[in-house]
Amino acid sequence: MTQLASAESAWPLVGTKLSLPRARAEIVERPRLLGTLDRLADTELTLLSAPAGSGKTVLVGSWCRSRPDLATAWITLDPGDNDPARLWTSIATAVERVRPGIGRGTVERLQRLGSVVTAAVDELLNAMWAAGEPIVIVLDDLHVLGDEEALASLQHAVERLPGRARMIALTRADPPIRLGRLRARKALGEIRARELAFTPDEARELMVVQEGIPLDDDDMTLLLDRSEGWAAGLYLAALWLREQADPKAGLREFSGDHRHVAEYLSGEVIDGLDDDTRGFLLQTSVLTTLSGPLCDAVLRTRESGARLAALARANLFLIPIDARGEWYRHHHLFRDLLRMELDRTEPELVGELHRRAAAWCSEHGLAEEALEHAAAAGDDRVVAELLVASHRELLRSGREATLLRWVERIGTPALVNAPELCAAGAIASGLLCRSPSERANLLSLADRSVRERPERLTPYVAATMGLARGAWIDGDAGVAVANARLAADMGRRGADEIAVPALAALAFALYVIGELDEARGVAEEALARPEANARPHGLAYALATVALLDLELGRPHAAETRARRALDVAEAAKLTGSWSSGLPHTAHGAALLALGEMAGGEREAERGELTRRSPEPTVEHVHALLVLAEARIARRRLTAAARDLEQAAEGLAALADAGRLPAYAHALEQRLTEAWTAAPALVEEPSPSELAVLRLLATELTQREIGAELYLSLNTVKTHTRGIYRKLGASSREDAVARAEALGLIERDDGVRER
């Protein structure tokens, strides 16, 4: 379990996130809702959507404990999970805990710099399918997720869950995913606030039987009317009423809707505590999770661990979240009430508490938690210092989304004092395939920073800035060469972390401008460096560039070997589908074309174009489009090739200097014109019914399967096929498809170009 341990060390609190909440003795068993969860077992997603304090976590926790035969992977989400890499590392680690061997590969992949989350999700789903064992994934507090990519990755997973897997999501608001689509497929089960509301019998079990509060039927009716069966309201009412000399009279004073309940309890429950306990709870409300040492540091006190255990035993809405009872959290609603009261009574103390929490978290390796507390304290200087200290680890562990989010959050004044953050943010932006304009803006801030703070221009900063400008050729290949050369020189002088990727970037930029001999020398230098195997991004890029150079020398077999090795490096490092695997796919496609393997060449070229795609023109994307167009011309897919060349031409028009690529594009345009001239003439236009059959002839479906797809008999499909051959002047299925593609009658979708 070495890999799992490394994942947990990346986020030291991950264990507390992945634990089923402990059962409390006073929990009311609710058989009707447990049965509902059982009946919804066949749905891919069961959604419990209701306001805070509705009993979602308690219910699902009870259900999980009552079904010990089910492997349950529990994840309590927090704002840090808005980084998709962190989100799926937590999910995969939770799965690995209950089904050893299933989540390990996904955790390893996500720890790699630049890994693609969708590919990692697919790996996890495939492992679950292959295991063939039932598993339930519970996502508690789904409402904290607002990141579009994180939510899209969950949508992707839900729609592809294997048959024996199930996801249960607990949320205060419906997530912005396509719930209607899931409902239409009968893939969504729902439990809403009205189902979660306590019934009279359940409320009586809590108030009278468990808490011993002497309420009659009329009292219970009044309580349910005023609380609307809201679970937290009932529990909080019980907490208050059991201390009242006259519970019946106290009940008459109990306020109505949820907002009023919150306002009432903030005064009556919190104010009713002794000063010492009240102060402890109020001040710890700034913490998302609590431990004895953390509370001691933040409150400048001692023996907080024993106090936390006592408060948990007293049911003051403090929930243990690990097996050893070392970590806790406030009930979400109760924490909200505590924070409101703290802001009202001691607003000047809030920032200081967050600063102390940030210091403790930083000292204990909890970088993201430290950043959150420093930001809550409003101290951008401390946030920037913490980010400077942790940005390399965030990049190395595949958390470039987290890094970029914080870079964007701290603002220009702090960034101007930290050029390494600007440059690292630009690299993270590139790895995430964000807009080149965003990368340029960050690098402009880096330039300003080193002008105003020249003492911050260390070799590492200079190398990182050069790499960010040289690895992605946004406008001028010559400028990219100069920047990559600067980064490579700095790498040679001691910036070992940058050397291999910088040399690889320089080699490709030299290839683009036609300096082929120097390009080979630089690429071979990257491959020969002792740390090359520990830098898979740069290693794969350098190998792919050498493959392209081998093709220039007419050595397709050597090129194919190099490109395949580059892909092997990417796969071993869990980079398949990432930006860094794009050039290896493109080079492999070009090599296969040179060897006459047209179908394989096109397939690889498509993968290269997909992973090198950019929202704004770049030399890398134009290069990938041109190789793809060449493959499609070779396969007589002329309409698709024309589209690729048109897109490449638009990109070239926006680039100041694309090196040799305009000449490459011109040669391909001439080949396309010649191919159109030699394209077969259409004997007769196929009918709409024949075109429907023709489109499916381009797939691997048999004629019988085509008939089933189109609701046609086998004889009808055969009749349409004969008509298609005659009208296209074709003698076989393959010939008919090739002619149809050349004529633009159909366009085959191999599934690689999906956006």
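On a 1 Å grid over the protein atoms alone, a pocket is an open set of points with protein on both sides within 12 Å along at least five of seven lines, while a cavity is a set where a 1.4 Å probe fits but cannot get out; lining residues have an atom within 4 Å of a point. Grid points are joined across faces, edges and corners, and a volume is the space filled by probe spheres set on the points.

A word on the model itself. It is predicted, so local features need pLDDT of at least 70 and side-chain atom pairs count only at pLDDT 80 or more, whereas totals for chains, interfaces and linings use all residues. Residues are numbered from 1 along each chain as its sequence is written, and side-chain values use heavy atoms, with hydrogens and water left out.

A search of the whole structure turns up five cavities of 30 Å³ or more. For the lining classes, Ala, Val, Leu, Ile, Met, Phe, Trp, Tyr, Cys and Pro count as nonpolar, Asp, Glu, Lys and Arg as charged, and the others, Gly among them, as polar.

| Space | Volume | Lining residues | Lining classes |
|---|---|---|---|
| Largest cavity | about 510 Å³ | 33 residues | 14 nonpolar, nine polar, ten charged |
| Second largest pocket | about 870 Å³ | 40 residues | 16 nonpolar, eleven polar, 13 charged |

Lying nearest the centre of the largest cavity are Gly55, Lys56, Thr57, Val58 and His331. Helix H4 (56-66), helix H13 (231-241) and E7 are the elements that give two or more residues to its lining, and H4 supplies the largest share, seven residues. Helices (H or I, at least four residues) and strands (E, at least two) are DSSP runs, numbered from the N terminus.

For the second largest pocket, the residues nearest the centre are Asp78, Pro79, Thr288, Thr289 and Arg335. Two or more lining residues come from each of helix H2 (14-17), E7, E8, helix H19 (332-345), helix H20 (347-363) and helix H21 (367-376). H21 gives the most, with five residues.

**Two sheets**

Two strands pair if DSSP finds at least two bridges between them. Five strands make an open, parallel sheet in the order E2-E3-E4-E1-E5. Its edge strands are E2 (72-76) and E5 (188-192), each pairing on one side only. On average, neighbouring strands of this sheet are turned by 15° against each other, direction ignored. E2 and E3 (residues 135-140) run parallel and are joined by five bridges; Thr76 has Asp140 in E3 as its bridge partner.

Contact here means heavy atoms within 4.5 Å. Axes are lines fitted to C-alpha atoms, for helices over the stretch in contact, and angles run from 0 to 180 degrees between N-to-C directions. Helix H5 (residues 84-98) lies across E2 and E3, running at about 150° to E2.

The other sheet is open too, with three strands in the order E6-E8-E7 and antiparallel pairing. E6 (290-291) and E7 (318-320) are at the edges with a single partner strand each, so one side of each has no neighbour in the sheet. Two bridges pair E6 with E8 (residues 327-330) in the antiparallel sense, and Leu290 has Tyr328 in E8 as its bridge partner. Helix H18 (residues 304-313) packs on this sheet, touching E6, E7 and E8, with its direction at about 105° to that of E7.

**Aromatic pairs**

The whole structure holds five aromatic pairs: rings of Phe, Tyr and Trp (its six-membered ring) pair if their centres lie within 6.5 Å, with planes under 30 degrees apart counted as stacked, over 60 as edge-to-face and the rest as tilted.
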